[in-house]
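Visitor: Hi, could you walk me through this structure? I'd like to hear about helix packing and pockets.
Guide: Happy to, let's bring it up.

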Amino acid sequence: MNRKLLLAANWKMNKLSGEAREFVLSYAAKLAESSVATVLLPPNTALVAVASTCKESGKGPVGLAFGAQNCYFQSSGAFTGEVSPQMLVDLGCRYVVLGHSERRAIFGESDELIGKKVKAALDAGLTPIFCIGETLDERNGGKLEEVLTRQVRVGLELVSDADLHKVVIAYEPVWAIGTGVVATPAQAQDAHKFVRSLLAKRSAQAAGQMQILYGGSVKPDNCFELMSQDDIDGALVGGASLEVESLLALHKECVRASK
Ligand code: PEP
(Lines give C-alpha, C1' and ligand atoms only; values in the text may rest on other atoms or scores of the structure.)
Protein backbone atom coordinates (compact mmCIF):
# COMPACT_ATOMS: atom_id res chain seq x y z
CA MET A 1 0.00 0.00 0.00
CA ASN A 2 1.47 3.28 -1.08
CA ARG A 3 0.52 5.94 1.43
CA LYS A 4 1.96 9.44 1.16
CA LEU A 5 3.53 11.02 4.21
CA LEU A 6 1.91 14.10 5.72
CA LEU A 7 3.65 16.72 7.86
CA ALA A 8 1.26 18.59 10.14
CA ALA A 9 2.44 21.64 12.10
CA ASN A 10 0.44 22.27 15.27
CA TRP A 11 1.30 25.79 16.37
CA LYS A 12 -1.00 25.55 19.41
CA MET A 13 -1.56 29.00 21.01
CA ASN A 14 1.44 30.63 19.32
CA LYS A 15 2.01 33.27 16.63
CA LEU A 16 0.24 36.53 15.93
CA SER A 17 -1.15 36.90 12.43
CA GLY A 18 1.82 38.98 11.21
CA GLU A 19 4.22 36.28 12.43
CA ALA A 20 2.13 33.61 10.77
CA ARG A 21 2.19 35.54 7.50
CA GLU A 22 5.98 35.91 7.58
CA PHE A 23 6.37 32.23 8.41
CA VAL A 24 4.23 31.08 5.47
CA LEU A 25 5.98 33.33 2.96
CA SER A 26 9.42 32.20 4.08
CA TYR A 27 8.49 28.50 4.36
CA ALA A 28 6.72 28.40 1.00
CA ALA A 29 9.62 30.11 -0.75
CA LYS A 30 12.04 27.40 0.45
CA LEU A 31 9.73 24.39 0.30
CA ALA A 32 10.89 21.79 -2.22
CA GLU A 33 8.30 20.15 -4.43
CA SER A 34 7.59 16.63 -3.24
CA SER A 35 4.85 14.15 -2.49
CA VAL A 36 4.91 15.20 1.20
CA ALA A 37 2.25 17.84 1.92
CA THR A 38 2.64 20.27 4.79
CA VAL A 39 -0.46 21.22 6.77
CA LEU A 40 -0.17 24.37 8.86
CA LEU A 41 -2.42 24.48 11.91
CA PRO A 42 -2.34 28.02 13.29
CA PRO A 43 -4.53 29.43 16.05
CA ASN A 44 -7.90 30.59 14.70
CA THR A 45 -6.87 34.26 14.88
CA ALA A 46 -4.12 33.64 12.30
CA LEU A 47 -6.19 31.52 9.91
CA VAL A 48 -7.09 34.42 7.62
CA ALA A 49 -3.43 35.47 7.35
CA VAL A 50 -2.37 31.88 6.66
CA ALA A 51 -5.15 31.43 4.10
CA SER A 52 -4.17 34.51 2.13
CA THR A 53 -0.41 33.85 2.26
CA CYS A 54 -0.84 30.20 1.28
CA LYS A 55 -2.78 31.44 -1.75
CA GLU A 56 -0.11 34.03 -2.57
CA SER A 57 2.63 31.41 -2.27
CA GLY A 58 1.22 29.53 -5.25
CA LYS A 59 2.19 26.18 -3.71
CA GLY A 60 -1.36 24.88 -4.01
CA PRO A 61 -3.22 22.72 -1.53
CA VAL A 62 -1.25 19.59 -2.44
CA GLY A 63 2.07 21.03 -1.25
CA LEU A 64 0.86 23.41 1.41
CA ALA A 65 -2.51 23.24 3.11
CA PHE A 66 -3.87 24.58 6.36
CA GLY A 67 -6.47 23.87 8.97
CA ALA A 68 -7.60 24.56 12.51
CA GLN A 69 -6.78 23.00 15.85
CA ASN A 70 -10.36 22.39 16.92
CA CYS A 71 -14.01 23.05 16.05
CA TYR A 72 -17.48 22.39 17.42
CA PHE A 73 -19.94 19.87 16.01
CA GLN A 74 -22.83 22.24 15.33
CA SER A 75 -22.92 24.34 12.16
CA SER A 76 -24.18 27.55 13.84
CA GLY A 77 -26.11 28.78 16.85
CA ALA A 78 -25.77 29.88 20.46
CA PHE A 79 -22.37 28.35 21.24
CA THR A 80 -20.33 31.25 22.54
CA GLY A 81 -16.65 31.01 21.79
CA GLU A 82 -16.91 28.11 19.36
CA VAL A 83 -16.32 27.89 15.60
CA SER A 84 -18.10 25.49 13.29
CA PRO A 85 -16.66 23.20 10.62
CA GLN A 86 -18.52 25.25 8.01
CA MET A 87 -16.76 28.43 9.22
CA LEU A 88 -13.40 26.71 8.74
CA VAL A 89 -14.34 25.55 5.25
CA ASP A 90 -15.39 29.13 4.49
CA LEU A 91 -11.78 30.22 5.18
CA GLY A 92 -10.34 27.53 2.93
CA CYS A 93 -9.32 25.08 5.66
CA ARG A 94 -8.94 21.49 4.52
CA TYR A 95 -8.04 19.96 7.88
CA VAL A 96 -9.04 20.18 11.51
CA VAL A 97 -7.31 18.60 14.51
CA LEU A 98 -9.77 16.91 16.85
CA GLY A 99 -9.26 15.24 20.20
CA HIS A 100 -5.76 16.58 20.83
CA SER A 101 -4.63 15.42 24.28
CA GLU A 102 -4.54 19.05 25.46
CA ARG A 103 -8.24 19.36 24.53
CA ARG A 104 -8.95 16.11 26.35
CA ALA A 105 -6.90 16.86 29.49
CA ILE A 106 -7.25 20.64 29.92
CA PHE A 107 -10.72 21.20 28.44
CA GLY A 108 -12.30 17.91 29.47
CA GLU A 109 -13.28 16.71 26.00
CA SER A 110 -14.75 13.22 26.08
CA ASP A 111 -14.46 10.48 23.48
CA GLU A 112 -18.16 10.99 22.72
CA LEU A 113 -17.80 14.73 22.10
CA ILE A 114 -14.77 14.15 19.91
CA GLY A 115 -16.71 11.53 17.96
CA LYS A 116 -19.44 14.08 17.21
CA LYS A 117 -16.82 16.57 16.06
CA VAL A 118 -15.16 14.02 13.77
CA LYS A 119 -18.49 13.27 12.12
CA ALA A 120 -19.42 16.96 11.77
CA ALA A 121 -16.03 17.82 10.29
CA LEU A 122 -16.33 15.06 7.70
CA ASP A 123 -19.88 16.11 6.82
CA ALA A 124 -18.63 19.65 6.21
CA GLY A 125 -15.92 18.37 3.87
CA LEU A 126 -12.94 18.74 6.22
CA THR A 127 -10.33 16.08 6.85
CA PRO A 128 -10.23 15.42 10.59
CA ILE A 129 -6.83 14.75 12.13
CA PHE A 130 -8.20 12.61 14.94
CA CYS A 131 -5.78 12.34 17.88
CA ILE A 132 -5.48 9.37 20.19
CA GLY A 133 -2.89 8.25 22.69
CA GLU A 134 -2.28 6.91 26.16
CA THR A 135 -0.88 8.54 29.29
CA LEU A 136 2.25 7.19 30.93
CA ASP A 137 0.21 5.64 33.75
CA GLU A 138 -2.01 3.89 31.23
CA ARG A 139 1.02 2.54 29.34
CA ASN A 140 2.80 1.45 32.51
CA GLY A 141 -0.41 -0.13 33.76
CA GLY A 142 -0.63 -2.33 30.66
CA LYS A 143 -3.63 -0.43 29.34
CA LEU A 144 -2.23 0.81 26.02
CA GLU A 145 -4.38 -1.40 23.80
CA GLU A 146 -7.50 -0.92 25.93
CA VAL A 147 -7.18 2.88 25.74
CA LEU A 148 -6.49 2.97 21.99
CA THR A 149 -9.34 0.54 21.35
CA ARG A 150 -11.81 2.72 23.26
CA GLN A 151 -10.62 5.97 21.68
CA VAL A 152 -10.80 4.54 18.16
CA ARG A 153 -14.15 2.85 18.72
CA VAL A 154 -15.97 5.82 20.26
CA GLY A 155 -14.19 8.52 18.26
CA LEU A 156 -15.07 6.90 14.95
CA GLU A 157 -18.39 5.32 15.79
CA LEU A 158 -20.49 7.92 13.95
CA VAL A 159 -18.33 7.62 10.81
CA SER A 160 -19.61 5.13 8.23
CA ASP A 161 -17.28 2.42 6.98
CA ALA A 162 -17.46 4.08 3.56
CA ASP A 163 -16.15 7.37 4.98
CA LEU A 164 -13.52 5.91 7.26
CA HIS A 165 -10.68 6.37 4.75
CA LYS A 166 -11.24 10.17 4.85
CA VAL A 167 -10.02 10.38 8.44
CA VAL A 168 -6.36 10.96 9.33
CA ILE A 169 -5.37 9.47 12.69
CA ALA A 170 -2.62 10.93 14.87
CA TYR A 171 -1.18 8.57 17.47
CA GLU A 172 0.30 10.83 20.12
CA PRO A 173 1.40 9.19 23.36
CA VAL A 174 0.59 11.85 25.97
CA TRP A 175 3.92 11.27 27.75
CA ALA A 176 5.78 12.27 24.58
CA ILE A 177 3.94 15.52 23.82
CA GLY A 178 6.05 18.56 24.54
CA THR A 179 8.32 16.58 26.87
CA GLY A 180 11.32 15.88 24.68
CA VAL A 181 10.77 12.18 25.40
CA VAL A 182 10.02 10.59 22.05
CA ALA A 183 8.58 7.11 21.56
CA THR A 184 11.14 4.75 20.12
CA PRO A 185 10.51 3.85 16.48
CA ALA A 186 9.58 0.33 17.65
CA GLN A 187 7.11 1.60 20.29
CA ALA A 188 5.51 3.91 17.73
CA GLN A 189 5.39 1.25 15.02
CA ASP A 190 3.78 -1.26 17.40
CA ALA A 191 1.08 1.22 18.40
CA HIS A 192 0.44 2.25 14.78
CA LYS A 193 0.19 -1.37 13.68
CA PHE A 194 -2.27 -2.03 16.48
CA VAL A 195 -4.38 1.00 15.50
CA ARG A 196 -4.37 -0.13 11.88
CA SER A 197 -5.56 -3.56 12.98
CA LEU A 198 -8.46 -1.89 14.83
CA LEU A 199 -9.37 0.06 11.69
CA ALA A 200 -9.17 -3.13 9.62
CA LYS A 201 -11.91 -4.65 11.76
CA ARG A 202 -14.16 -1.88 10.35
CA SER A 203 -12.81 -1.91 6.79
CA ALA A 204 -9.67 -3.62 5.55
CA GLN A 205 -9.60 -1.36 2.53
CA ALA A 206 -9.86 1.84 4.55
CA ALA A 207 -7.24 0.62 7.03
CA GLY A 208 -4.79 0.17 4.19
CA GLN A 209 -5.43 3.66 2.87
CA MET A 210 -5.55 5.66 6.08
CA GLN A 211 -2.69 7.89 7.12
CA ILE A 212 -1.65 7.35 10.74
CA LEU A 213 0.63 10.16 11.90
CA TYR A 214 2.95 9.96 14.88
CA GLY A 215 3.15 12.92 17.26
CA GLY A 216 5.20 13.54 20.39
CA SER A 217 8.56 15.35 20.46
CA VAL A 218 9.31 14.78 16.78
CA LYS A 219 12.46 16.72 15.86
CA PRO A 220 14.60 16.80 12.71
CA ASP A 221 17.09 14.38 14.28
CA ASN A 222 14.56 11.66 15.17
CA CYS A 223 12.12 12.19 12.29
CA PHE A 224 13.65 9.96 9.62
CA GLU A 225 13.73 6.79 11.68
CA LEU A 226 10.16 7.26 12.88
CA MET A 227 8.86 8.07 9.41
CA SER A 228 10.62 5.03 7.95
CA GLN A 229 8.42 2.64 9.95
CA ASP A 230 5.90 0.69 7.89
CA ASP A 231 2.77 1.98 9.61
CA ILE A 232 3.85 5.58 10.23
CA ASP A 233 2.54 7.88 7.54
CA GLY A 234 3.61 11.30 8.73
CA ALA A 235 4.06 13.48 11.77
CA LEU A 236 2.01 15.87 13.86
CA VAL A 237 4.57 18.26 15.29
CA GLY A 238 4.22 20.95 17.94
CA GLY A 239 7.39 22.61 19.24
CA ALA A 240 9.63 21.81 16.28
CA SER A 241 7.13 23.29 13.83
CA LEU A 242 7.38 26.83 15.15
CA GLU A 243 10.58 27.83 13.34
CA VAL A 244 10.78 27.89 9.54
CA GLU A 245 14.16 26.17 9.35
CA SER A 246 13.10 23.42 11.72
CA LEU A 247 9.88 22.69 9.81
CA LEU A 248 11.83 22.68 6.53
CA ALA A 249 14.28 20.20 8.06
CA LEU A 250 11.38 18.00 9.18
CA HIS A 251 9.93 18.16 5.68
CA LYS A 252 13.26 17.13 4.21
CA GLU A 253 13.43 14.13 6.55
CA CYS A 254 9.88 13.12 5.62
CA VAL A 255 10.78 13.28 1.94
CA ARG A 256 13.87 11.16 2.61
CA ALA A 257 11.74 8.57 4.42
CA SER A 258 8.98 8.53 1.80
CA LYS A 259 8.14 4.99 0.88
C1 PEP B 1 1.51 18.17 19.50
O2 PEP B 1 1.21 19.24 19.95
O3 PEP B 1 0.66 17.51 18.90
C4 PEP B 1 2.87 17.68 19.69
C5 PEP B 1 3.17 16.48 19.27
O6 PEP B 1 3.77 18.53 20.31
P7 PEP B 1 5.37 18.33 20.40
O8 PEP B 1 5.85 18.03 19.01
O9 PEP B 1 5.87 19.63 20.90
O10 PEP B 1 5.62 17.18 21.31
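Predicted model: local features only at pLDDT ≥ 70, side-chain atom pairs only at ≥ 80, totals over all residues.

Visitor: Which angle do the axes of H8 and H9 cross at?
Guide: Roughly 40°, and the axes come within 10 Å. H8 covers residues 144–155 and H9 covers residues 185–202.

Visitor: Is that crossing of H8 and H9 left-handed or right-handed?
Guide: H8 passes H9 in a right-handed crossing.

Visitor: And which residues make the contact?
Guide: H8 brings Glu145, Leu148, Thr149 and Val152. From H9 come Ala191, Phe194, Val195, Leu198 and Leu199. By class, that contact has seven nonpolar, one polar and one charged residues.

Visitor: Okay, on to H1 and H2. How do their axes cross?
Guide: H1 spans residues 17–30 and H2 spans residues 47–57; their axes cross at roughly 20° and come within 9 Å. The two helices are therefore roughly parallel to each other. Here H1 passes H2 in a right-handed crossing.

Visitor: What does each of H1 and H2 put into the contact?
Guide: On the H1 side you'll find Ser17, Ala20, Arg21, Val24, Leu25 and Ala28. The H2 side has Ala49, Val50, Ser52, Thr53, Cys54, Glu56 and Ser57. Sorted by class, the contact of H1 with H2 has seven nonpolar, four polar and two charged residues.

Visitor: What about H11 and H12, how far apart are their axes?
Guide: The axes are 8 Å apart, and the helices pack at an angle of about 25°. That makes H11 roughly parallel to H12. For reference, H11 is residues 220–227 and H12 is residues 244–257. The crossing of this pair is right-handed.

Visitor: Who's touching whom between H11 and H12?
Guide: Pro220, Cys223, Phe224 and Met227 of H11 make the contact with Ser246, Ala249, Leu250, Glu253, Cys254, Arg256 and Ala257 of H12. Eight of the contact residues are nonpolar, one is polar and two are charged.

Visitor: Changing topic: how much space lies in the largest pocket?
Guide: About 520 Å³.

Visitor: And which residues are closest to the centre of the largest pocket?
Guide: Lys12, Met13, Gln69, Asn70 and Arg103, out of the 20 residues that line the pocket.

Visitor: How does the lining of the largest pocket split by class?
Guide: The lining has seven nonpolar, eight polar and five charged residues.

Terms used: Residues numbered from 1 in each chain as written. Heavy atoms only, no water. Axes fitted to C-alpha atoms, helices over the stretch in contact; angles between N-to-C directions. Helix = DSSP H or I, 4+ residues; strand = E, 2+ residues; numbered from the N terminus. Parallel < 35°, antiparallel > 145°, perpendicular 65-115°, else oblique. Left-handed = near helix turned anticlockwise from the far one by under 90°. Contact = heavy atoms within 4.5 Å. Nonpolar A, V, L, I, M, F, W, Y, C, P; charged D, E, K, R; others polar. 1 Å grid on protein atoms, 1.4 Å probe; cavity = no way out; pocket = protein on both sides within 12 Å on 5 of 7 lines; lining within 4 Å. Points joined across faces, edges and corners; volume = space filled by probe spheres on them.
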